[in-house]
Amino acid sequence: MITIKSEREIALLKKAGNIVYKTHQYIKPFIKEGITTKELDSLAEKYILSQGATPSFKGYEGFPTALCISVNDEVVHGFPSERKLKNGDIVTLDIGACYKGYHGDSAWTYQVGDIAKELKHLMEYTEKSLFIGLEQIKPGAHIGDIGHAIETYAKSYNLGVVQELCGHGVGTDVHEDPEVPNYGKPGTGPKLKVGMVLAIEPMLTLGSPEIMIEDNNWTIVTEDHSPSAHYEHTVVVTQDGYEILTGE
Ligand code: MG
Ligand code: MG
């Protein structure tokens, strides 16, 4: 069921989203060669708690940590660990925070030191594909319009579109209806209405978009081990289009 959020709920979702945004800004300077992904997780968790919120993913269906931290060929659900970031890596921090029962969800891919030109290409056009998808959002548009725009754009830059993972509604649950695939046909899928809250999150790859799951039963990696990038914002559908909730 797709729910329409009240003004009161949107205000709480905006507060949760802003905490997620501030957590990204807080953690960004720490993303350097030599830091472990576990250290990043623990810094972010402390920050989220300091803001009067709780990490949305910790304990979610048994997920063990506050953040999902996915390095290079890891697409999503990477476990923070003793792994040290290296110069030339790309790393995605997927951050969720729950404030007074409402969630914000935003992922961002960061570079570690100097990265290869093709990784810059992957990051630049995955980030842009998020905004191409967001531009489709307005009352009366369809979920399929978003995915179609992302897919067409990604393919024009020779990037693979992971199909098994998608965006979603956000509210009192971090994952609500509807699913928002990063591919699709214009004019198909549920119609957008003012007050719907959605997380849009293209996950693109430099190589094949095929994925597989690691032995921990959580972490998704590309089958060909090509690098993957992931950008996500939670937004609310407004009269004029949309408003980003996981921003300033
Ligand atoms: Mg996320
Ligand atoms: Mg999400």
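Is Glu 201 buried or exposed?

Reply: Glu 201 is buried, with a relative accessible area of 6%, where buried means under 20% relative accessible area, exposed over 50% and partly exposed in between, with a 1.4 Å probe and protein chains only. This is a predicted model, in which local features need pLDDT of at least 70 and side-chain atom pairs count only at pLDDT 80 or more, while totals for chains, interfaces and linings use all residues. Residues are numbered from 1 along each chain as its sequence is written, chains are lettered from A and ligands numbered from 1 in the order in which they are written, and side-chain values use heavy atoms, with hydrogens and water left out.

Glu 201 (OE) coordinates the magnesium ion (ligand 2) together with Asp 105 (OD), His 168 (NE2) and Glu 232 (OE), at 2.0 to 2.2 Å; donors here are N, O and S atoms within 2.8 Å of the metal (3.2 Å for Na, K and Ca), and since water is not among the atoms, sites may look incomplete. Asp 105 lies in strand β5 (residues 102-111) and Glu 201 in the loop between β9 (197-200) and β10 (203-205), 96 residues apart, with strands (E, at least two residues) taken as DSSP runs numbered from the N terminus.

Asp 105, which counts as buried at 1% relative accessibility, also bridges to the magnesium ion (ligand 1), 3.1 Å from the magnesium ion (ligand 2). Asp 94 counts as buried at 9% relative accessibility, as does Glu 232 at 0%.

Methods: Helix = DSSP H or I, 4+ residues; strand = E, 2+ residues; numbered from the N terminus.
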